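The exercises below concern one protein chain. Work through each task with the structure open before reading its solution.

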Amino acid sequence: MMAQTPRRADHQKAEDKFQTLRDMTYDVTRQEFDDITVGSISLQLCQEADRWKHQTNGRPQRASWEWCKEYPFYQRRPNRFEIALSKGGVLGALCYGQLSKQGSRLRMNLIESTPIRPTPLGQRALPILSFAAAVFADICGADELWVLDPDPNLEGLYQSEGFGQREIYHGRRVGQRRIL
């Protein structure tokens with residue numbers, strides 16, 4: 001029981017530190033894209049995103065994960081990158097990621113924009129998400145930004161945002177890298 005107390009205090013200290021860094025990222029992103037609402041991912045937003053699979057007025061395919069199931073996993077990671085984008089009160093996109101153990105890479109693990117057309121963000125979901133991720137990476141001292149397990153059909157879209165071709169990340173997963 002005593003061993004857990006210092007860990008919990010350290011965890012809270014790390015959480016506070018990274019929340020400050022996320023808040024700085026949100027502020028910079030809001031300044032750059034002042035018509036977009038930028039903030040953290042809440043359980044309510046995860047529920048809204050999970051309802052996208054029931055939409056009939058948009059693109060047919062969506063990500064395979066469930067945001068509500070991912071939510072507790074990422075909330076336990078103080079060094080997470082998380083961002084939700086909305087416009088006019090309509091959720092447009094979400095992204096969860098995490099810094100590598102060494103802090104030199106930021107991974108964008110889960111990225112999804114609304115399948116509803118027209119989307120509230122237009123064609124700006126990925127540009128805004130990658131901008132915010134690059135800001136967070138820069139603030140944290142990371143020099144690489146990765147999209148992990150990118151949809152092969154979107155390789156060109158990621159490349160248009162400065163990511164390279166698909167390659168192996170850390171010997172195990174496919175990713176697309178952007179040097180910052």
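Helices and strands here are DSSP runs, a helix having at least four residues and a strand at least two, and they are numbered from the N terminus. The model is predicted.

**Exercise 1. Locate the cis peptide bond and place its proline among the secondary structure elements.**

Solution. The bond to find runs from Arg117 to Pro118; its omega is near -5°, and it is cis. As background, most peptide bonds are trans.

**Exercise 2. Describe the overall fold and dimensions of the chain.**

Solution. Begin with the elements: there are five helices and seven strands. Their order along the sequence is α-β-α-α-β-β-β-α-β-α-β-β. Then turn to dimensions. Along the principal axes, the C-alpha atoms fill a box of roughly 55 × 35 × 30 Å. Finally, consider contacts between residues at least 6 apart in sequence: 63% of them join residues at least 24 apart.

**Exercise 3. Determine how strand β2 is enclosed and paired.**

Solution. Burial requires under 20% relative accessible area. Seven of the eight residues of β2 (residues 80-87) are buried, so the strand is largely enclosed by the rest of the structure. For the chain, 42% of the 180 residues count as buried.

Now take the partners in turn. Strand β1 (residues 37-39) is antiparallel to β2 and joined to it by three bridges; Gly39 stands opposite Ala84 of β2. Strand β3 (residues 90-99) also pairs with β2 in the antiparallel sense, over eight bridges. Lys87 has Val90 in β3 as its bridge partner. Two residues separate the strands in the hairpin of β2 and β3, where Gly88 takes a positive phi near 60°.

**Exercise 4. Are Asp149 and His170, two residues with positive phi, buried or exposed?**

Solution. Most residues other than glycine have a negative phi. Asp149, not a glycine, has a positive phi of about 50°. Asp149 is in the loop between β5 (144-148) and α5 (155-160). Its relative accessibility is 46%, so Asp149 counts as partly exposed.

For His170, phi is positive and near 55°. The loop between β6 (166-169) and β7 (173-179) holds His170. With 52% relative accessibility, His170 counts as exposed.

Terms used
Residues are numbered from 1 along each chain as its sequence is written. This is a predicted model: local features need pLDDT of at least 70, side-chain atom pairs count only at pLDDT 80 or more; totals for chains, interfaces and linings use all residues. Side-chain values use heavy atoms; hydrogens and water are left out. Buried means under 20% relative accessible area, exposed over 50%, partly exposed in between (1.4 Å probe, protein chains only). Contact means heavy atoms within 4.5 Å. Two strands pair if DSSP finds at least two bridges between them.
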